[in-house]
Amino acid sequence: MLYAQEIEQRRRDVKVVDINLLRRSWYFDYLKHAHPGLMDRSSEKIHPYVELLKQWERDPGAFARSQELTQRISMAFLDMIQSIVRNEIKVAPVYITNDLLVADQTNGYLTRWIPQSYQLVPQGLVFNLANDQSFHEPPDLRLQIRGLADGTVRFAKDDVINIKVLPAYTRMLTNRGKYLALFNQHERAIHAFKEALALDPNLAAAQQGLAESTGKVAKP
């Protein structure tokens, strides 16, 4: 996205924030230049985190030795993300990618807070964060997957295509099916599950979802 926006000048209307790069102080200089409004709206939470981040960059060992410092920077990071999401959702839709929901030692607080605070509405390869729990119509998007899994190009098992790219498509197609099934849109859910299985026939979550939605449709 950095390349697409800064070099190719594509989709300059989208504000993209990379969660991993938020752990580098130089990235905030870039965000201040690229998205000054975003930085201003959440400056109250951004500045304290950046100060802690710079301390960590100067002496990471101090944080490794101190549970208190580690807790402080983790909570400051969460406060900053919460502020950004809450402020930006007031001016435009906010989206997240599926990988942000995968809990790890660094993003644990964040991966719990997002689904607890917002409804995740799958739209293509991202989730739209909705403030309520009512049904939000997910647009029928056609994902461009030529060459990804049609056999025209072969990839090694450990290729990034098989490890990261293809799963991003299959997970979001499965999530779309689950979302539609949750709101009794089972015929549309079946279509989404079948799309996921066309890319990965062994995807257990899609197989289960397909079976459950097919069973619901079959009932009189």
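Predicted model: local features only at pLDDT ≥ 70, side-chain atom pairs only at ≥ 80, totals over all residues.

Visitor: What box do the C-alpha atoms fill?

Guide: Along the principal axes, the C-alpha atoms fill a box of roughly 60 × 40 × 40 Å.

Visitor: And how much of the protein is buried?

Guide: Of the 220 residues, 40% are buried. As for contacts between residues at least 6 apart in sequence, 54% join residues at least 24 apart.

Visitor: Let us turn to the strands. How do E2 and E3 pair?

Guide: Strands E2 and E3 pair in the antiparallel sense, over 5 bridges.

Visitor: Is E2 enclosed or open, and why?

Guide: Strand E2, residues 119–123, is largely enclosed by the rest of the structure, because 5 of its 5 residues are buried. Burial applies to both faces: Gln119, Val121 and Gln123 lie on one side, and Leu120 and Pro122 on the other.

Visitor: What does H7 pack against?

Guide: The buried residues of helix H7 pack against H6, E1, E2 and E3. In H7, which spans residues 108–117, the buried residues are Gly108, Leu110, Thr111, Trp113 and Ile114.

Visitor: Which residues does asparagine 175 touch?

Guide: Leaving aside residues up to four places away in sequence, asparagine 175 touches Asn98, Pro122 and Phe127. Asparagine 175 itself lies in helix H8. Its relative accessible area is 18%, so asparagine 175 counts as buried.

Visitor: Now the pockets. How much space lies in the largest pocket?

Guide: The largest pocket holds about 1,800 Å³ of space. Its lining consists of 49 residues, and those nearest the centre are Val16, Tyr95, Ile96, Thr97 and Val126.

Visitor: Which element supplies the largest share of that lining?

Guide: Helix H8 does, with 8 residues. At least two lining residues come from each of H1, H2, helix H6 (67–88), strand E1 (95–97) and H8.

Visitor: Next, the aromatic rings. How many aromatic pairs are there?

Guide: The count comes to 8 aromatic pairs. In one of them, the rings of phenylalanine 135 and phenylalanine 183 have centres 5.1 Å apart and planes at 55°, so this pair is tilted.

Visitor: Where do those two phenylalanines lie?

Guide: Phenylalanine 135 is in the loop between strand E3 (126–130) and helix H8 (160–182), while phenylalanine 183 is in the loop between H8 and helix H9 (186–199), so the pair ties together parts that are 48 residues apart in sequence. Phenylalanine 135 counts as partly exposed, at 28% relative accessibility. Phenylalanine 183 is also partly exposed, at 23%.

Visitor: Which rings form a cluster?

Guide: Trp26, Tyr27 and Tyr30 are linked into a cluster by ring pairs. Two of these residues have a further partner, for leucine 21 touches Trp26 and Tyr27 as well as Leu2, not counting residues up to four places away in sequence. Leucine 21 is placed in the loop between helix H1 (2–6) and helix H2 (26–34).

Visitor: What lies over the face of phenylalanine 77?

Guide: Arginine 23 does, at 4.4 Å from the ring centre.

Visitor: Finally, what is the phi of arginine 11?

Guide: Arginine 11 has a positive phi of about 45°, although it is not a glycine. Arginine 11 is located in the loop between H1 and H2. With 52% relative accessibility, arginine 11 counts as exposed.

Visitor: And is asparagine 184 buried or exposed?

Guide: Asparagine 184 is exposed, with a relative accessible area of 60%. Asparagine 184 lies in the loop between H8 and H9, and its phi is positive, at about 60°, although it is not a glycine.

How values were computed:
Residues numbered from 1 in each chain as written. Heavy atoms only, no water. Phe/Tyr/Trp six-rings, centres within 6.5 Å; stacked < 30°, edge-to-face > 60°. Helix = DSSP H or I, 4+ residues; strand = E, 2+ residues; numbered from the N terminus. Buried < 20%, exposed > 50% of the residue type's maximum accessible area, 1.4 Å probe, protein only. Lys NZ or Arg CZ within 6 Å of the ring centre and 35° of its normal. Contact = heavy atoms within 4.5 Å. Pairing = 2+ DSSP bridges. 1 Å grid on protein atoms, 1.4 Å probe; cavity = no way out; pocket = protein on both sides within 12 Å on 5 of 7 lines; lining within 4 Å. Points joined across faces, edges and corners; volume = space filled by probe spheres on them.
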